[in-house]
Amino acid sequence: MDLARPRGTEDVFPEAAARWRALEAVCHGLARRYGYGELRTPTFEHSEVFHRFLGDATDVVQKETYDFKDRGERELTLRPEGTAGAVRAFLQAGLQGGALPRKLCYVTLSAFRYERPQAGRLREHHQFGCEAFGSADPTTDAELIALVADLLRELGVRDFAVRLNSIGDPACRPAYLEALRDYYRPLLPGLCHDCQVRFDHNPLRLLDCKKDREAVAGAPRPADHLCADCAAHFATLRGYLDDIGIDHTIDHTLVRGFDYYTRTVFEFVSGELGAQNSILGGGRYDGLVESMGGPPVPAAGFAVGMERLLTVASTLAAPDPALDVYVASDDRREALAACQALRRAGLAADMDPLSRSLRAQMRAADRSGASVAVIRAAPERERGVAVVRPLRSPGAAQREVAWTALLADPRDQVGA
RNA sequence: GUGACUGUAGCUCAGCUGGUUAGAGCGCCAGGCUGUGGCCCUGGAGGCCGGGGGUUCGAGUCCCCUCAGUCACCCCA
């Protein structure tokens, strides 16, 4: 097989696609209930949209993006996530000058990262995400978390947990990072290589280390070093979550991968998922819009991995619309005419284009899920009729209808 | 980018220590049960044994390289 699909990508055939459509319907329904309107942005953006504003220290930008030049020598990048493009679109449309808050969502947004494929991880995956621009209020953080909790409940995901943290803002984070560095400086020689690098480039990620557990356990906690405003924001958010009945735990080591987060960060994890157990990540990014050249517009959002959602969802039984009618005939011209009459009447009809035996056609009819088979061969032709045979109701007997009536009035003749 | 395991018919897999025409189940096609699906029976088609190189009288079986899949690290959704 020399024409294989690229590594880390998937083909979705109709059986599986039905689950996707069901999932998409759930996502759209929730977004609507929470007041988020759909935003569709390009699959690729100018590279600097991601490189400059997602944070150069993030691994995703450093080594995982698909970068290319087009024939006009423009430097472009396939989007590795949805937020940067949403912010870009928000600014380009001048929405910051319009009515705020502006709440936008995206469904089945394709995202590309050059990574080694693994359970729950692809090079092209899809996200459902929501972004709320223009509100710094904790009710916005709370509603985003609630939306996801509702989503998981609706999908029948049993085993999930909400992890929450606050990592401060430009007012209090510098002091915290100093405290963190002071704590780590003497420990540094004994730590892993990654941590040594993080110490200089991205100290917050030190908390993320899975190897140097003891060091992390004794480290100063972000939530203990918040300024008054951040602390109040965090406390209010937790109160709101309690009010609306969302269980959550504070994870003092939760910092998230992208640099743009401020204050609230959250993550939903599932025990059903394997090593890549994060279903969703999100948080507040009050500085991002401004850093992308806009006015200071606070914002918050999340993104869920839809493939991961699909593996943990239990309520998405695939209700793939079965065929309504299968036309079995030894004459393709007649079969086509009957199918067209049925199709134009709004029914799902199909036939056998391969001139197989009546027996084979009946088997195909059975497999197709059609509720009725129309049979038309020599004996029927002599009498100017067709047989209408029910396939799904054991008791029902087959009957004959006039061929001309079937073509003229297919719905009634077939009993649909 | 690192590591482990795997790669034989459309699908799921057998093929012992290298040895004659590579097998099974399911699926598919044709036929039988007297034009009509599901059950049963008979027959049939279908395999550069992932690809390349090597060792050997001889390789699906051993060695090397490569590609792909799976899982883990890293990171993230």
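Chain A holds 16 helices and 16 strands (DSSP runs numbered from the N terminus, helices being H or I of at least four residues and strands E of at least two). The radius of gyration of chain A is 28 Å, well over the 22 Å that the globule rule gives for 416 residues, so the chain is more spread out than a compact globule. That radius is taken over C-alpha atoms, and the globule rule is 2.2 Å times the number of residues to the power 0.38. Along the principal axes, the C-alpha atoms of chain A fill a box of roughly 95 × 50 × 45 Å.

**How to read the values**

- Residues are numbered from 1 along each chain as its sequence is written, and chains are lettered from A and ligands numbered from 1 in the order in which they are written.
- Because the model is predicted, local features need pLDDT of at least 70 and side-chain atom pairs count only at pLDDT 80 or more, while totals for chains, interfaces and linings use all residues; side-chain values use heavy atoms, with hydrogens and water left out.

- Eight strands form an open sheet of mixed pairing in the order 1-5-6-11-10-9-7-8 (two strands pair if DSSP finds at least two bridges between them).
- Strand 1 (37–38) and strand 8 (249–250) stand at the edges with a single partner strand each, so one side of each has no neighbour in the sheet.
- Strand 7 (residues 160–166) and strand 8 run parallel and are joined by two bridges; arginine 163 has threonine 249 in strand 8 as its bridge partner.
- Helix 9 (residues 228–243) packs on this sheet and touches strand 7, strand 8, strand 9 (262–270) and strand 10 (278–284) (contact means heavy atoms within 4.5 Å).
- The direction of helix 9 makes about 160 degrees with that of strand 7 (axes are lines fitted to C-alpha atoms, for helices over the stretch in contact, and angles run from 0 to 180 degrees between N-to-C directions).
- Helix 4 (residues 83–92) lies across strand 5 (102–112) and strand 6 (124–133), at about 45 degrees to strand 6.

- Strand 14 (residues 372–376) pairs with strand 15 (residues 385–390) in the antiparallel sense over four bridges, and valine 374 has valine 388 in strand 15 as its bridge partner.
- Strand 15 also pairs with strand 16 in the antiparallel sense over four bridges; here the bridge partner of valine 385 is alanine 402.

**Two loop residues**

- Proline 101 is in the loop between helix 4 and strand 5, and the peptide bond from leucine 100 to proline 101 is cis, with omega near 0 degrees.
- Glutamate 73 lies in the loop between strand 3 (66–69) and strand 4 (75–78), and its phi is near 65 degrees, a positive value in a residue other than glycine.

**The second largest pocket**

- The second largest pocket is lined by 14 residues, of which Glu10, Trp20, Glu307, Leu310 and Thr311 lie nearest its centre.
- Helix 1 (14–33) and helix 11 (306–312) are the elements that give two or more residues to this lining.

Definitions and conventions. 1 Å grid on protein atoms, 1.4 Å probe; cavity = no way out; pocket = protein on both sides within 12 Å on 5 of 7 lines; lining within 4 Å.
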